[in-house]
Amino acid sequence: MGHGDVSAAFELLLSELDNALSSAREEAARASRAGRYSEVNASIAVAQQIETIVDQIKASYRQWQEISSQPRASRQDRPSPPQHGRRTPVKVFRLPILRALVALGGSAPLHTVLERVFDEVKGSLTEADFDLVPSQPNTPYWRNYAQWARKELVLEGLMCSDSPRGIWAISEHGVAYLERHQAAAKEKNP
């Protein structure tokens with residue numbers, strides 16, 4: 001299993017746990033509206049347990065990212081793994097997301113943002129990027145990876161964490177980050 005495969009596994013696990021957490025929260029809300037308070041408490045307890053697991057997995061994922069980004073000994077003696085079936089890494093979607101949000105006025109529905117991101121990255125996507133995520137049969141991996149990139153951007157403060165559900169928004173910090181990155185790219189390639 002390669003480094004990208006491990007990251008994909010973490011991302012898939014976190015995605016599934018996010019779905020389970022949403023379900024537990026929705027069940028608590030339904031039970032509350034119906035006045036079934038013992039069910040509310042049970043659903044809240046499940047949600048809290050899931051949140052604890054998510055926090056632990058996120059911490060492990062950050063550790064994995066640190067480990068996998070450290071320089072390694074020379075790999076000259078080992079053949080390169082075949083590239084067929086490889087998916088585009090999550091990091092490839094970061095700047096296209098920020099650029100799309102700036103072009104869209106700072107915020108937009110996720111589908112609108114992803115359309116612009118796709119237009120920018122489609123030339124670098126692989127066949128494997130169009131495979132469907134097993135847990136989300138209508139979602140190709142590239143969209144799932146772009147959504148994981150968004151989560152990273154939110155955790156880093158480059159995107160807003162308090163935007164309404166389904167709306168992606170760039171933060172002031174994200175605008176400054178994008179401007180710095182674009183200025184550095186211009187200096188590198190005048």
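A salt bridge is a side-chain nitrogen of Lys or Arg within 4 Å of a carboxyl oxygen of Asp or Glu. The views described below all belong to a predicted model.

**View 1. Arg 36 and Glu 39 meet in a salt bridge through their side chains.** The N to O distance of this pair is 2.7 Å, which falls within the 4 Å that the definition asks for. Arg 36 is partly exposed, with a relative accessible area of 34%, and Glu 39 is likewise partly exposed, with a relative accessible area of 34%. Side chains of opposite charge can pair when their charged atoms come close. A search of the whole structure finds 8 salt bridges, and two further pairs are shown in the next views.

**View 2. A salt bridge joins the side chains of Arg 25 and Glu 51.** Here the N to O distance is 2.6 Å.

**View 3. Glu 152 and Arg 94 form a salt bridge.** The closest N and O atoms of the two residues are 3.5 Å apart. Because Glu 152 lies in helix α5 and Arg 94 in helix α3, the pair ties together parts that are 58 residues apart in sequence. Both Glu 152 and Arg 94 are buried. Elsewhere, salt bridges that share partners join Glu 27, Arg 30, Arg 36 and Glu 39 into one network.

**View 4. The largest nonpolar core has 41 residues.** The residues with the most contacts inside this core are Phe 93, Ile 97, Val 113, Met 159 and Trp 168. Two or more residues come from each of the elements α1, α2, α3, α4 and α5, and the largest share, 8 residues, is given by α5. When neighbours within four places in sequence are left aside, Ile 97 is in contact with Val 113, Val 117, Ala 146, Ala 149, Arg 150, Leu 153, Met 159 and Trp 168.

**View 5. Leu 178 is found in helix α6, which covers residues 172-188.** Leu 178 counts as buried because its relative accessibility is 4%, and buried means under 20%. Not counting residues up to four places away in sequence, Leu 178 touches Leu 95, Leu 98, Arg 99 and Val 102. Leu 158 lies 20 residues from Leu 178 along the chain, and the C-alpha atoms of the two are separated by 9.0 Å.

**View 6. Pro 140 is found in strand β3.** With a relative accessibility of 12%, Pro 140 counts as buried. Although Pro 140 and Phe 130 are 10 residues apart in sequence, their C-alpha atoms are 4.9 Å apart in space. Leaving aside neighbours within four places in sequence, the contacts of Pro 140 are Asp 129, Phe 130, Asp 131, Leu 132 and Val 133.

**View 7. The largest pocket holds about 1200 Å³ of space.** Of the 35 residues that line this pocket, the closest to its centre are Asp 18, Gln 147, Arg 150, Lys 151 and Arg 165. At least two lining residues are supplied by each of α1, α2, α4, β3, α5 and β4, and α5 gives the most, with 9 residues. The lining divides into 11 nonpolar, 13 polar and 11 charged residues.

Conventions: Residues are numbered from 1 along each chain as its sequence is written. This is a predicted model: local features need pLDDT of at least 70, side-chain atom pairs count only at pLDDT 80 or more; totals for chains, interfaces and linings use all residues. Side-chain values use heavy atoms; hydrogens and water are left out. On a 1 Å grid over the protein atoms alone, a cavity is a set of points where a 1.4 Å probe fits but cannot get out, and a pocket is an open set with protein on both sides within 12 Å along at least five of seven lines; lining residues have an atom within 4 Å of a point. Grid points are joined across faces, edges and corners, and a volume is the space filled by probe spheres set on the points. Helices (H or I, at least four residues) and strands (E, at least two) are DSSP runs, numbered from the N terminus. Ala, Val, Leu, Ile, Met, Phe, Trp, Tyr, Cys and Pro count as nonpolar, Asp, Glu, Lys and Arg as charged, and the others, Gly among them, as polar. A nonpolar core is a set of buried Ala, Val, Leu, Ile, Met, Phe, Trp, Tyr and Cys residues joined through side-chain atoms within 4.5 Å. Buried means under 20% relative accessible area, exposed over 50%, partly exposed in between (1.4 Å probe, protein chains only). Contact means heavy atoms within 4.5 Å.
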